[in-house]
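Hi everyone, thanks for making time this morning. I'd like to walk you through one model and the way its pieces pack together.

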Amino acid sequence: MESASLQNIFDCAFDGISQVREAYMPQLKLREVGTITSIATGIAKVSGLPGVGFEEVLKFPGDVYGIAFNVDEDEIGVVLLGDYWQLHAGDEVERRGHVMDVPVCDALIGRVINPMGHPLDGGEAISMNRRQPIERAAPQIMDRAPVTVPLQTGIKVIDALIPIGRGQRELILGDRQTGKTAIAIDTILNQRGKNVLCVYCAIGQRASSVARVVANLHENGALEYTTVVVTEGNDSPGLQYIAPYAATSIAEYFMAQGRDVLIVYDDLTHHARAYRELSLLLRRPPGREAFPGDIFYIHSRLLERATHLREELGGGSITALPIIETEAQNISAYIPTNLISITDGQIYLSPSLFELGVLPAVDVSKSVSRVGGKAQRAIYRAVTGDLKLAYAQFEELETFARFGARLDKDTRKIIEHGRRIRACLKQPEFAPVSMPAQIAILLALTAELFDTVPIAQMTDADTAVRKAAKNIPAEVCARFETADKLTDEDRKLIIEIAREALIHFQLKPES
């Protein structure tokens with residue numbers, strides 16, 4: 001009995017195998033394969049792939065991928081993405097039939113990934129249901145709308161004097177260790193509750209620096225609306241090169257949904273150096289400062305993708321904050337001048353101000369927003385008035401006063417007022433200031449309420465005004481968003497609130 005049942009089981013199994021074998025129809029599949037002819041640092045030379053296209057993805061042994069960069073008659077120069085030490089000349093290379101792409105989905109929000117979409121935060125793998133090429137054409141001119149909606153950074157000196165709009169490209173530049181990344185991170189922190197998604201792209205940064213940024217975003221609750229794209233300093237130059245393009249494709253996915261996105265490139269100096277390294281290894285002719293001639297093109301086609309779309313296309317926007325590093329305050333170097341000409345303005349951080357403890361160390365005289373007041377709320381234009389002019393006059397007179405010249409009463413008054421402006425524009429890191437608090441401080445400045453406060457107490461006085469700004473009625477705060485100008489009643493109310501907050505900080509009569 002047992003042998004009969006066993007025989008039936010075998011018969012059923014063999015019948016099933018026979019049916020599957022008869023139903024199987026072998027199919028021929030075209031597969032184009034080449035071989036590695038040579039390997040260098042971050043690149044490979046490949047032969048035997050006559051049909052490969054520019055920027056097509058190639059697969060190497062060990063799940064290593066590369067991008068076809070130089071497509072010559074006899075061989076292909078390939079930029080390698082990932083660890084390539086196990087590759088050798090003669091290894092097989094396979095065409096993938098598509099250009100480099102990155103996964104895009106809502107699940108990317110709150111994640112830390114590399115440019116290929118692999119998670120670096122220890123979380124679960126990201127769904128690959130939808131992918132977008134990392135290189136895409138920028139929106140046409142007729143698809144763009146004017147930049148009119150402000151992007152509040154929470155930094156007083158920027159929101160008041162160098163306003164940024166949604167869809168704008170504002171360059172942040174300065175020498176190393178002057179606080180460039182801090183401005184970008186503060187801007188990300190200030191987007192909490194403002195319906196703006198953020199993408200932070202770290203290009204060739206130290207792992208410890210990236211970990212500190214991610215920790216700060218997490219501690220301040222900003223990681224829940226931010227995607228972090230990371231390449232470390234020890235990653236291949238190919239990964240560093242594609243990182244900003246992959247991050248921009250992720251931002252474009254959200255923009256296509258009609259959402260506003262802020263993207264930070266930290267920093268494009270490393271990106272330019274990675275591209276220079278790849279170009280020199282691929283024997284492309286070097287030009288100025290050893291950069292290849294198309295270095296301007298690779299950055300312009302990246303930053304032109306930041307825009308504000310028309311309402312018919314969803315009305316989404318990408319605001320770009322590229323960061324670059326200058327050497328010895330030389331803003332006329334090749335890469336800085338390239339990016340200054342591509343972007344819509346720049347925020348220059350001065351080492352001299354940084355050493356004096358003026359943080360953020362924004363040099364107002366060398367910083368500009370070419371969108372200007374069109375991307376600033378009308379309320380700011382009403383209260384800032386001649387603030388930038390007064391500050392510029394103070395800086396010139398301060399330089400003159402260092403020579404020990406005897407100053408008249410009016411000149412001393414301008415200098416003392418300028419010192420209060422500088423003190424009020426100081427701001428600690430990771431402490432964005434709300435719009436009502438900024439309006440109260442700026443109104444107090446223009447009304448010269450701080451001029452009677454001792455310089456040593458300016459920090460405490462500024463804090464007192466910010467706390468007092470919470471007493472501004474809700475209906476007045478609502479008008480900050482919509483009103484074309486500040487009414488006389490609202491102005492008097494805010495000035496009175498600020499005056500009461502500063503009553504304990506007055507200079508003594510003998511002073």
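First, the ground rules. This is a predicted model, so please keep in mind that local features need pLDDT of at least 70 and side-chain atom pairs count only at pLDDT 80 or more, while totals for chains, interfaces and linings use all residues. Residues are numbered from 1 along each chain as its sequence is written, and side-chain values use heavy atoms, with hydrogens and water left out.

Now the overall picture. The protein chain has 16 helices and 16 strands; these are DSSP runs numbered from the N terminus, with helices being H or I of at least four residues and strands E of at least two. The C-alpha trace spans about 110 × 65 × 45 Å along its principal axes. Of the 511 residues, 52% are buried, where buried means under 20% relative accessible area, exposed means over 50%, and partly exposed is in between, using a 1.4 Å probe and protein chains only. Contact here means heavy atoms within 4.5 Å. Among contacts with a separation of 6 or more, 75% are between residues 24 or more positions apart.

Let's look at helix H7, residues 295–303. How many of its nine residues are buried? Seven are, so H7 is largely enclosed by the rest of the structure. Those buried residues are Ile295, Ile298, His299, Ser300, Arg301, Leu302 and Leu303. They pack against helix H5 (237–256), strand S13 (260–266), H6, S14 and helix H8 (334–342).

Two packed helices are described by the angle between their axes and the distance between the axes. For H6, residues 268–281, and H7, the axes come within 11 Å and cross at roughly 135°. The axes are lines fitted to C-alpha atoms, for helices over the stretch in contact, with angles from 0 to 180 degrees between N-to-C directions. The two helices are therefore oblique to each other; under 35 degrees would count as roughly parallel, over 145 as roughly antiparallel, and 65 to 115 as roughly perpendicular, with the rest oblique.

Our other pair is H13 (residues 435–446) with H14 (residues 458–468). Their axes come within 8 Å and cross at roughly 125°, so H13 and H14 are oblique to each other. H13 passes H14 in a right-handed crossing. Ala437, Ala440 and Ile441 of H13 meet Asp462, Val465 and Arg466 of H14. That contact divides into four nonpolar, no polar and two charged residues. Ala437 itself is buried, with a relative accessible area of 4%.

Back to helix H5 for a moment, where Gly238 sits. Gly238 is buried, at 0% relative accessible area. Leaving aside neighbours within four places in sequence, Gly238 is in contact with Val79, Leu80, Leu81 and Leu278. Gly238 and Leu278 are 40 residues apart along the chain, with their C-alpha atoms separated by 7.5 Å.

Ser317 lies in strand S14, residues 317–325. Is Ser317 buried or exposed? At 0% relative accessibility, Ser317 counts as buried. Its contacts, not counting residues up to four places away in sequence, include Arg166, Met255, Asp260 and His308.

Finally, the cysteines. The structure holds zero disulfides, a disulfide being a pair of cysteine sulfur atoms within 2.5 Å. For Cys424, the nearest cysteine sulfur is that of Cys477, 19 Å away. Cys424 counts as buried at 1% relative accessibility, while Cys12 counts as exposed at 57%.

That's my tour, and I'm happy to go back to any part of it.

Notes:
Left-handed = near helix turned anticlockwise from the far one by under 90°. Nonpolar A, V, L, I, M, F, W, Y, C, P; charged D, E, K, R; others polar.
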